[in-house]
Amino acid sequence: MEVIKIKGTDDTPNVIFDKENNTLEISGRSLPEDVSMFFDPILIWIDQYCESPNEKTVLNFKLEYFNTASSKVILDILLKFEELVEAGKSVIVKWHYHEDEEDMLEAGEEYADIVEIPFEYVIITD
Amino acid sequence: MNSEMMNNLKENQSFLDFAYQLYKTMKTNEISLVYEGEVTQEITKTFTSLTEKNLAKNAESNMVQRKVFNVMVECLQNISKHADSLSEEDEERRGIVMVSKSDDSYNIITGNIVKNDKIPYLTKSLETVNNLDKDGLSELYKKQIKEGKISDKGGAGLGLIDIAKKTGSKMTYQLKTLSEDRSFFILTSTIQRN
């Protein structure tokens, strides 16, 4: 499968979606004006991935900030992976946050409330 | 000296007075940013990174920095998506933006033109979020993020809820009537520093 590798900017995140190396990661900040333009190719990639997923899928979010439009797209991404869980596949979300950023932890917990995917919370230390 | 020159001098003097008054007011109220003009994504990026640098220089905690950044983005993107212009022919989405600091808080004040027919919905949304506590806001956020769709303007209908969640304080707002069908909407969001 094609690898998505996008370097982050001031208003868009780093994205690595690499099936072969089993790396699915979104990091940095996400506040684009047009969220669809940025995320649509990623959503299409996920649809393709879900047709023949890896044995175990780990989805990493290491976001320092995202705007509300991005938060809606993040839910769309999670809902796609939820279908994998429903199909009996192993999926886990690793939600990374800095210890002093409670808002980011809460954002993860809210997603975990909405979707049926196990969440693991990882404290970023740097 | 002819009268035209006299007038020019007077105008010049009153402008200098104004500039000095503005400077004094900004100093007294620790206003770090004032802007009036079109609000675009470029402006949003510039102002948020400028404010971020200022806050870091003032050694504000990461949490406060993040909240101020967050609220600024939502306020500015609200203007760039929803602001109206003075007339139908004009398509620019303009607004004013101000960031001020006091002993215990940061205020982010934005103002923009809004059509009067949107006001009932706007004020109802503001009253709704202002009347909810933390858990209530979280529930409303989850409901809206599940049910909402990204609009053709790229909004998710979550901006005001998010501001209320992140600030933990009530937003204040004012409306000044400009004409039969338009008003000026001023929104103040407050972030506590401790």
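Predicted model: local features only at pLDDT ≥ 70, side-chain atom pairs only at ≥ 80, totals over all residues.

Me: What does A:Phe61 touch, leaving aside its neighbours within four places in sequence?

Reply: A:Phe61 is in contact with A:Ile26, A:Ile74, A:Ile77, A:Leu78, A:Val93, A:Lys94, A:Trp95 and A:His96.

Me: Now B:Asp162. Why is it called buried?

Reply: Buried means under 20% relative accessible area. B:Asp162 has 3% relative accessibility, so it counts as buried.

Me: Where is B:Asp162 found, and what does it touch?

Reply: B:Asp162 is in helix 6 of chain B, residues 159-167. Not counting residues up to four places away in sequence, B:Asp162 touches B:Asn70, B:Glu74 and B:Tyr141, plus A:Thr68 from chain A.

Me: What makes helix 6 of chain B "mostly covered"?

Reply: The count: 8 of its 9 residues are buried. Among them are B:Leu160, B:Ile161, B:Ile163 and also B:Lys166.

Me: And what do the buried residues of helix 6 of chain B pack against?

Reply: On the chain A side, helix 2 and helix 3; within chain B, helix 3 (62-82), helix 4 (119-130), helix 5 (134-147) and strand 5 (182-192). After helix 6 of chain B comes B:Gly168, with a positive phi near 70°.

Me: On to the interface. How many residues does each chain give to the contact, and how much area is buried?

Reply: Chain A gives 24 residues and chain B gives 30. Between them they bury about 2500 Å², with 51% of it on carbon and sulfur atoms.

Me: Why quote an area at all?

Reply: Because the size of an interface is often given as the accessible area lost when the parts come together.

Me: How do you know that B:Lys134 and A:Glu106 form a salt bridge?

Reply: The cut-off is a Lys or Arg side-chain nitrogen within 4 Å of a carboxyl oxygen of Asp or Glu. For B:Lys134 and A:Glu106 the closest N and O atoms are 2.8 Å apart, so by that definition the pair is a salt bridge. The rule finds 8 salt bridges across the interface of chain A and chain B, along with 16 residue pairs in polar contact, both residues at pLDDT 80 or more.

Me: Which element gives the largest share of the side of chain A that touches chain B?

Reply: Helix 3 of chain A, with 6 residues. That side of chain A divides into 8 nonpolar, 4 polar and 12 charged residues.

Definitions and conventions
Residues numbered from 1 in each chain as written. Chains lettered and ligands numbered in written order. Heavy atoms only, no water. Contact = heavy atoms within 4.5 Å. Buried area = accessible area lost by both parts, 1.4 Å probe. Polar contact = N/O pair within 3.5 Å; in protein donor to acceptor, adjacent residues only side chain to side chain. Helix = DSSP H or I, 4+ residues; strand = E, 2+ residues; numbered from the N terminus. Nonpolar A, V, L, I, M, F, W, Y, C, P; charged D, E, K, R; others polar. Buried < 20%, exposed > 50% of the residue type's maximum accessible area, 1.4 Å probe, protein only.
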